[in-house]
Amino acid sequence: MSETLKEHSWIPLVLVACASFIITLDATFMNVSISKVVVDLHTDVSTIQMIMSFYTLITAAFMLLSTKLQDIVGKKKLFIIGTVLYGIGTFTAAISWSTPVLFIGWALIEGIAGALMTPATVSLISGIYSGEKRTFALAIESVMVSISAAVGPLFGGVMTTFLSWRWGFAVELIFVIFILVMQHKIPDFKPTESKNDLDITGTIISVIGLVLFVWGILMLTKESYSVAVIVLGLVILAIFAWFEIRRKRNGKVPLLDMDLFKDRNLRVGAIIRLIGCLAMGGALFAVSLFLQSVMQLNALNTGLTTLPMTIGLLLFAIAAPSLSTKFSHKTLIALGSLIAIAGCLILSYQFRLNTTMYDLIPGLFVLGAGLGFVMSLSTDISLINIPKKSENNASGVLTTTQTLGESMGTAIIGVILILGVMGGLSTAINMYAPDHANDPQFFDDAANYLQAAGTENITQDSTVLNAIDVIIQEAMGFVMIVTAILLAVVFIATLRLEPKKQ
């Protein structure tokens, strides 16, 4: 590391936070722009969704390789290489004239660039800052990921409504240029390994395992074979772990040092990051779907309605590092998970046909506030007992689980929504239309209304509308209860965290 580094400078943090922001933004802002992209590129919805899925898939698949490349190339150098690639990808996506060009720029180039940059964002901060400053810096980096996911729909709505979806990529390019212009403010870190240490076989096994696992997750609500693909991916990842253990025993450098998982905080912290990202991404997806489908809000108003969650997240994340000097990370993360659970329980009663945006503000703010504590401190506590030489590897573990959580959220909550709708339909018929239990037309009317996202007056039948109201309540309530259960798992896991070893 450069001897001229002055740790009081926050410029490296700003640059790393900018990178974290645009990488996550890229996976969320286009959700509200799909219809415009379909028209501009003369394609269909499924093609654009496929491109979005591949962006997530490629980023997750190459994360572990990127983690090892930090040791071989140097984490600053790898970060800058990734940033340059990201700039090329986002420029290509912005000017794309066809879906193949959009795929190359967005999914392929930006996906690989995101994989190169993401582990370095954590390891750079861990290498630059220490003590309370590291806690603050990691909190800001972590919360930038969460805020980016939360404001993505709003950003996409503004771009699509007033400009074009292409400007979303153009704005990201501005961030890239800023990072590259200011890169000299990031200290250099020398490589600690040579290219001969690269575990090629382990890389291939890990990429195949991660691709299958993430692909299965993304297809969870669409393909019947998705569960088999997930299981196959997990089996291959287990083989990867076995191979890495054997490689280290044979005196060779592994792609991922499995001994890292002997550190309890890293194990628990990875679980907290995984479930935290899953819960946040899934809940945000379900709420956004409700806002657009039932309340019939456009992309801009959808983003504005979810803003209280973003504000709560930001305020509590900023407060967390200061509070961590008086209370332990363990206490604050546990408290955060309980606050987030309270937010889910408040929201579980708020979803009806006549719900207004004001009804959702308290629950969304409380949920965001709790997640602010959880997301901002979980990275720091995960790395607190990891030796300096292993920080690159450990950061790769955390960013991989974070990416997996983000990709799993939408798919898993999608399944929960389907189960909730089925349960709600049964309850609705028992309450309002027991005589229609065997009436396929009644089922069709309710299903068609939901399929049309409430934008068409399929029926004026009060019985059907009452049934739909119950279905919405039960489906969204079920989602919030499941999210609360996930956060309860976070609370229980938090109790296993250990203080910093002396």
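Trainee: Accessible areas come from the Shrake-Rupley method with a 1.4 Å probe, and for residues only the protein chains shown count as cover. What is the accessible surface of the protein, and how much of it belongs to carbon and sulfur atoms?

Mentor: About 20600 Å², with 65% belonging to carbon and sulfur atoms. Keep in mind that this is a predicted model, where local features need pLDDT of at least 70, side-chain atom pairs count only at pLDDT 80 or more, and totals for chains, interfaces and linings use all residues. Residues are numbered from 1 along each chain as its sequence is written, and side-chain values use heavy atoms, leaving out hydrogens and water.

Trainee: Got it. How many helices and strands are there?

Mentor: The protein has 18 helices and zero strands. Both are DSSP runs numbered from the N terminus (helices H or I, at least four residues; strands E, at least two).

Trainee: Let's look at a helix pair. How do α5 and α8 cross?

Mentor: Helix α5 (residues 75-94) and helix α8 (residues 165-181) have axes that come within 8 Å and cross at roughly 155°. The axes are lines fitted to C-alpha atoms over the stretch in contact, with angles from 0 to 180 degrees between N-to-C directions. The two helices are therefore roughly antiparallel, the word for angles over 145 degrees.

Trainee: Which residues make that contact?

Mentor: Contact means heavy atoms within 4.5 Å. On the α5 side they include Phe-79, Ile-80 and Phe-91, and on the α8 side they include Trp-165, Phe-169 and Leu-173. By class, the residues of this contact divide into 14 nonpolar, three polar and two charged. Asp, Glu, Lys and Arg count as charged, Ala, Val, Leu, Ile, Met, Phe, Trp, Tyr, Cys and Pro as nonpolar, and the others, Gly among them, as polar.

Trainee: What about α6 against α8, at what angle do they pack?

Mentor: Helix α6 (residues 99-128) packs on α8 at about 40°, with the axes 13 Å apart. Leu-102, Trp-106 and Glu-110 of α6 meet Trp-165, Phe-169 and Glu-172 of α8. That contact has four nonpolar, no polar and two charged residues.

Trainee: Switching topic: where is Glu-406?

Mentor: Glu-406 lies in helix α16 (residues 391-432) and is partly exposed, at 30% relative accessible area.

Trainee: What does Glu-406 touch beyond its sequence neighbours?

Mentor: Leaving aside neighbours within four places in sequence, Glu-406 is in contact with Thr-24, Val-145 and Cys-277. Gly-276 is 130 residues from Glu-406 in sequence, yet their C-alpha atoms are 9.0 Å apart.

Definitions and conventions. Angles under 35 degrees count as roughly parallel, over 145 as roughly antiparallel, 65 to 115 as roughly perpendicular and the rest as oblique. Buried means under 20% relative accessible area, exposed over 50%, partly exposed in between (1.4 Å probe, protein chains only).
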